[in-house]
Amino acid sequence: MAEEDRKEPSAGREMVIGRWPEPEQVVRNWQEGVDLYSGIYQHFMEYVPSVRCSGSDAKVPEEEQAYHILFQTLEWFLFGESPEVGFAKLEQNNTTSQLCGRVFKGGETTYSCRDCALDPTCVLCMDCFQNSVHRNHRYKMNSSNGGGFCDCGDVEAWKTGPTCIKHEHGASEDTKNPASQLPVGVAERAQELFAVLFMYVVDMLIWAEDKELPPGLQPREKTDSYFCVMFNDEQHSFDHVIYSLQRSLGCSQKEAQNYTILIDREGRRAVKDGTMLLCQETKLEIFNITNSVFQSPLRVEILHSNVVFHQAFALRILSWFNQVIGYSAGLRQIFCEVILNQPPGSDQPCLVSKLMLADTKLWKGARKIFHELIVCSLLMETEYKRLFAVEFITHYKQLQLEFVEDDHDRNISVTAQSVQIFTVPTLARHLIEEHSALRIIIEAIIELFSEHMDNGKLHFQSYSQEKLLRKQMVLYDLKYVLISKPPVWTDRQREHFFEGFKTFLRLLKSMQNMEPVSRQIGQHLEIEPEWEPAFTIQMLLKCILSMVQEWCASDEQVLLRAYKECHRVLSQCNNECSQRNARKQYNTLTMCGHSISLKRYLVSRESVSIHLPLSRLLAGLHVHLSKSGAINKLEEFVPSSEFHVEKLMDHPLRCLVLMAQVSADMWRRNGFSLVNQVYYYRNVKWREEMFDKDIIMLQIAASIMDSNRFLIFILSRYELFEVFSKPPVARNKDVIQQTNVLIEELLHLIIMVVGERYVPGVGQVMKDDVTLREVIHLLCIEPMPHSELAKLLPENENNETGLENVIHQVATFKKPGLSGHGVYELKPECLKHFNLFFYHYYKSQQTKAEEEQKKKKKQANSDEALPPPAVSQFFPTFAMVVNILNCDVFMLILRTVLQRAADSIGQLCSEAMVQKTLHLICMALQEEQRQLEGVIAEEDVTFEVYLKATRMGSSAVNAESILSLLEKLKHVHQLDAQKDMIIYTLQMFDVVKKLREKSSPGSADFEIQRANECVQDKDKAERKRKADAAKLYRQKIMAQMSAMQKNFIESNKHLYEKVTEAQKQEAIITEDDSIPLAADSGVALGPMQGATAAEKILLTCILCQEEQEVKTDEMAMVLAACVQRSTALTKKRSRIITNIGDNCDPIIMHPDLGCGTHVGSCGHVMHATCWQKYFEAVQNSTRNRIHVELSFDLENGEFLCPLCKALCNTVIPVIPLQAHSLDSKDTETIADMLTLPRWLENVLARINGLIASGTKEEENSLVQVNPVLWKNPVEFRSILSFGVQSPVMYSKSIVEMLLLFATAVYRVGLKVDPNEADPRVSLMAWSACAFTIQSTENVLHDEDKVLFGSLPDRQGVSLKAVLQFAASQRVVTSAKVIQKHLIRLLSVFVPHLDVEDNWSFLDIDFFHLMVSLVLAFPSLYWEETVELQPSDISCAFNNLYLFHLVIMAHIVQILFTSTTDCPMEQDEEENEESRSAAELYETLQEYTSRSLESKPYGWYLWNCVKCGITPFLRCSALFFNFLLGVPPPADLSKGSSEGQFEALCYYLALPTNLFQLFHDYKDTVTPLLQRWCSDSSVQSFLKGQRTSVCYPRERNQLIDLPEDYSSLLNQGCQHSCPRSSDDEPKNFALCMFCGAMLCSQSQCCREEVNGEEFGACAAHAINCGSGLGLFLRIRDCQVLLLAGKNRGCFIPAPYLDDYGETDQLLRRGNPLHLCTERYKKLQQLWHQHRILEEITRNQDANQIIFDWQQF
Ligand SMILES: [Zn+2]
Ligand SMILES: [Zn+2]
Ligand SMILES: [Zn+2]
Ligand SMILES: [Zn+2]
Ligand SMILES: [Zn+2]
Ligand SMILES: [Zn+2]
Ligand SMILES: [Zn+2]
């Protein structure tokens, strides 16, 4: 309906194309006219409005035709001949380009090569990638935002393999001047035409007036015809717009939806046309409806219809351009030239720039077309790309400023083209060198941020998140431009880079010391200050800073000049700071005879800033100076007199002190803002240009300053000078605690300054060494998966961590199991590199690593000392830093700490302090050792740590030497944990002492070793003694524990049972297996039936924990169960399910098993009463809460199993098996008498009698009883003569539960309202029973498990319960009803029964039939007055004959349907079976009057039957086993497939040659065969008029998935939605049941089902999975599980990367491969009917509520 009344053409204005002039004629006029411009404009003025375009999208056929004529005219002009001919010629001449240039749609997969791409923005389309060398490299997949294009063929983008095979042979660019190859005259005309047309486009698209047209296009008369045009914005929600449109336009919801979709896609859309007045009314209406307090109104404008038409046509022209230039590179060049051509003599920009500058004023649709045209024209040609780039950079600032104010996403802004330009190295360098691109971009940044400038510093107090995000884009551009540094520098480049660098420093200056913090004292901070913007910018700057440094470092001259400039600006900054403190006095601090004078400054009192980009840049440059050796020339640029290193290091030091004070909890009143900043300062995303550089700055200072003065300076800034220079004074506990932490932090700082040499240029290391060390330390914490490691390592500008280069040197990969992920484990030989005080550890990581390493050492039975590892050497520039370890102040600090530890005065010393001190002493001794070992002359050894440490201290009166203090500490028991480390330190002293003594140079090593060994031996003995003692102690404790445990179990028996409940059930099952059986015959049917004992079941209720034996006359025990409809066994899933509802007759199951009812249980048992109480309690507790999101639906009887939380919707009563045994003497007699014919006779008589009595009753004696049928009451009762017994009576409670469960099966299975009196209740019970057995058999087959003995307990228990339930339908349903069912069922075998059913013989699933027959059969024995049941013997025969009849029918069914293609050769030997098979087949041929044409070989027939019948036999074996409990032959619980068939036959009392049955029962079966053969379904099947199910039924598998995930992405990408033609990105989901591809969560494919809107997946699941769905969402790389309308969850797709990890949402984009084990697991989820269970568990765990119906 909505389609039809879409847009009625206004009456009287229909266009008359017939009257339009011929294109040729028009062209001639143009050529003869004054100028082309006015000719074309005139033409457009006249004809464009009459196209009656209704907006920008609707493709009305008449309009299309009109457009066609318009363009044909243009093409005639262009070619001078018919366009068809012209285009054909072009195509001929054109050679394919070497560039691919495919423009990506949003959501399209792109590939980048980590080995070869110049940077991650270089990408390939799927096609090119698959045909390139990179598919075997380390690639990354990504999903495009749309707008970018394929870089295949761009030699600049790839280090190797720039072209794929497809584009390899394309014309390279040296086919010069393709324009010259155009046909004569075309080039000139094209130039002329393109110029006019593009001018028209620009004119129309940037046209700002609504009501008038440009002069040349003004029509002769003006009409009162307007459009109300609505514009897209990013504020209003979809639903809101739909609602507003519906109300204001009075249209239907569907229409409003269409409008809204189009507005969203195209950016604008006419929603109303008519007179000005009408449009104004509409506009007002929309304004009123959408204007609210919270939101501004929707933007609506009234445009004159002619304006709208011309604009729409202008867009058409752009698309036309795109098409035309695609034909010929020559035309493309001409086009580029035209649009880049600046009008001569004017200062106006060229055409493309004009349009570019109007970008933000264009609507979405127009922009998209324009940008695509840019990509396809200008960006495809190197030269024009360059020219365009120049235009782009010229207008760069303005474009960016406008983009910030724009409200469209970045990918629909022309600024997004920057990535195409700036990432091209030659282009970027050209722009920098010739057009000052660096300066321009940085100036743009400064300008954009100027509004946040406060007193020359950036300050983000109140800012718009949205705008800030837009501004940050410029930083990306800056990064792009810097990606490739020049290989050779020219002077011009230096100048321009330097110019940019200076601008950059201006930017950094505005950030230096920005947003300072001051410590809150007394009161908490009221408002948390903003900190995120500054950090976000810092994060983006990180890469830029390091790239700038790389650029500088690549040229000595640039480096030195940059250093000088940076130093100058930084000094300037510092001076500004110190001017504020000009009044402050210098004071002089003296310690150990060394003194320094400095201005007083306290971090704890004054303001301090974390942002010091200038200082850090200088530090970075300094390192580069050091590395390149250019530092020697520094004096020329920055004389040391002006260097002022103390000033340079002051601010970074303050920042470090701030960190220390925060650790010491001194800043706790400053709130979370500061906590966060402190955290991120050291976070991996920031630290390189924050924390790391601050440490380097201190190292720089330490390498220049005198060590003592350096330390005094640090002590002073740490506010610890007094602590070390004066004796301790009594202070309050808080202050002491603070001071302790500060000292710890100070010691840590010294460790870092001296020990961290892992920066190339600081230490003598390579880049990989650095990564290696990071990885080692991360893995020292714990083994980690690849992705986590990668996350914790710093990335470079190409998002690479270098992890792959080093990981294999240090770690081994451990593969993942079925769940979880693979992890890397550190190689043991790398443990020696562990540094406990590694500077990138957070405190928690450090603690964890320490524990882990100590544990490792303990396991290796070695000491637990974690000494500093051997370190690499400093670069010469930094060599002086080491002297800290030898200086007096350092010694003083150490001694003071140790002294306090030894004295244990108050709490003046902490363990951590001692630990760090020991670490430092070891570092110092190591250095001394190194010097002693390395030099020849003793004079060269500058280190005297040993001497200083053994000397008495000089400061205090009772000062002791460090060595003796250490000896003392050995015995302080508070320091037990450090004892190993103290011993280690003392050993180090020994070693150095020996070296110093140098008794004989050669033996020194030996001595040391011996000394070491000696100490170690002693140590070992001690350790062993301790270990033994510990072991004894442990044993004692264990004994105590287990005694306690026993007591605990005794007194808390119920708790214990709860845990082991599952095991217990197992015990029950084995128990009844072990009962010795009277006649263990291993046959389940007939006279040989084995005996069984009564089952004894002891169960514990999970709710009250009481144990009870289940008896038929006692209170019921119930299993929590879940009934669900299932399509897991069918191949015909897409068909609309019919077997539901009130009119469905479920007596017969179709063999395609379309939709069955499955019963599952978690196996947890409760008392019926306990369960009822529980269920009521849940109901009550949730009823009172209204807005609780429950993961289950109470109204439908759902609840969660109280123990395992599995979703359940009913309970099954547990009924024990009764004992059976056959008296062998009786059996023989009966076997002789009761042959099949006799049995059938009895049954028939009985049935006839019943029918007769039934008629009598029904007709209320009005009609005479049929005397023929009713003649012989003896015969009527003859069936009873073979033995009857009275039925088992059930307790009221069991009956109640049986009824409850029966109703649930009926309600869920048929999707109807509960009705316990419905005759179909028992039919559903049997059907569910049969189906559940079939699915169980399927699962066993699927998992390749043996038939018996491999079922999990929970399934065994529940299957048995289901069977006993199905067998006891007599208590639920009246005998009459069951008898009626039975009679109908029997009609398949017993002819002439007066029933109306006429089932097609081929459409019966015989297993379902067999189950129903066997379970319904006892009803024949009921008498009106007594309830009777067949005796065990009668039962055995009944079952046998029923089973034999059914199996014969099934064999015939198989022979008909599954022997279609017969091989022509005799493959196997003839045997008995094959002979009988051929015989039977011949009979069938006879009965079908030779419709069975072919004459297959007997062996083939036998094979078909054997394979076809096996599933039926397996199901039957399960059925009879669970029904009667007769244990099966051992072969059926064995793994080998050999003898399975024979064992099955034996168990089911069948001859191995199944055809024997037909022989044995020849008399009975012949009429049946005739009847079946004449069945109309058989006849039409044989004539080929219908199809049928083939046996064995094909088993269901989840669809095949490709091994490589990228081909799946490919598939998803090439797929297009059949319902919509737009190019909006779609999220395709693959139905894993049937392979259907669906638009998940997309407007286009929503469906209405029963008046409700469903997403494509949810709608598909209704039929495909009867509500259940398993979908692979391709772009997300995750599996969507759906169940019904409001249940669902996501789990990762079964694809793993090389590191054994899944990649939900494709966040990492590593190559992914199918993990078959995980896939198998998903399939099991499906086949085991556990999807619902999985969803509830996930929903419970995640608590994220989606509107699953919309998926
Ligand atoms: Zn491509
Ligand atoms: Zn290619
Ligand atoms: Zn590659
Ligand atoms: Zn209970
Ligand atoms: Zn449970
Ligand atoms: Zn499907
Ligand atoms: Zn769709």
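Me: Which residues of helix α20 are buried?
Reply: Buried means under 20% relative accessible area, exposed over 50%, and partly exposed in between (1.4 Å probe, protein chains only). In α20 the buried residues are L468, R470, K471, Q472, V474, L475, D477, L478, K479, Y480, V481 and L482. This is a predicted model, in which local features need pLDDT of at least 70, side-chain atom pairs count only at pLDDT 80 or more, and totals for chains, interfaces and linings use all residues; side-chain values use heavy atoms, without hydrogens and water. Residues are numbered from 1 along each chain as its sequence is written, while chains are lettered from A and ligands numbered from 1 in the order in which they are written.

Me: What do the buried residues of α20 pack against?
Reply: Contact means heavy atoms within 4.5 Å. The partners include α16 (396–405), α19 (437–449) and α22 (532–553). Helices (H or I, at least four residues) and strands (E, at least two) are DSSP runs, numbered from the N terminus.

Me: Which residues hold the zinc ion (ligand 3)?
Reply: Donors are N, O and S atoms within 2.8 Å of the metal (3.2 Å for Na, K and Ca). Here C113 (SG), C116 (SG), H134 (ND1) and H137 (ND1) are the protein donors, 1.9 to 2.3 Å from the ion. Along the chain their spacing is C-x2-C-x17-H-x2-H. C113 is in strand β1 (residues 109–113) and H137 in the loop between α5 (126–130) and β2, so the pair ties together parts 24 residues apart in sequence.

Me: What is the arrangement around the zinc ion (ligand 3)?
Reply: Four donors count as tetrahedral if all angles lie between 85 and 135 degrees. The 4 donor atoms of this ion subtend angles of 98 to 115°, so the arrangement is tetrahedral.

Me: Which residue bridges the zinc ion (ligand 2) and the zinc ion (ligand 1)?
Reply: C128 does, and the two ions lie 4.2 Å apart. C152 and H167 are buried.

Me: What is the strand order in the open sheet of 3 strands?
Reply: Two strands pair if DSSP finds at least two bridges between them. The order is β15-β14-β18, with antiparallel pairing. β15 (1156–1167) and β18 (1210–1213) are at the edges with a single partner strand each, so one side of each has no neighbour in the sheet. β14 (residues 1117–1126) pairs with β18 over 4 bridges, and A1121 stands opposite T1210 in β18.

Key. Four donors count as tetrahedral if all angles lie between 85 and 135 degrees; four count as square planar and six as octahedral if opposite donors are over 155 degrees apart and all others between 65 and 115; anything else is irregular.
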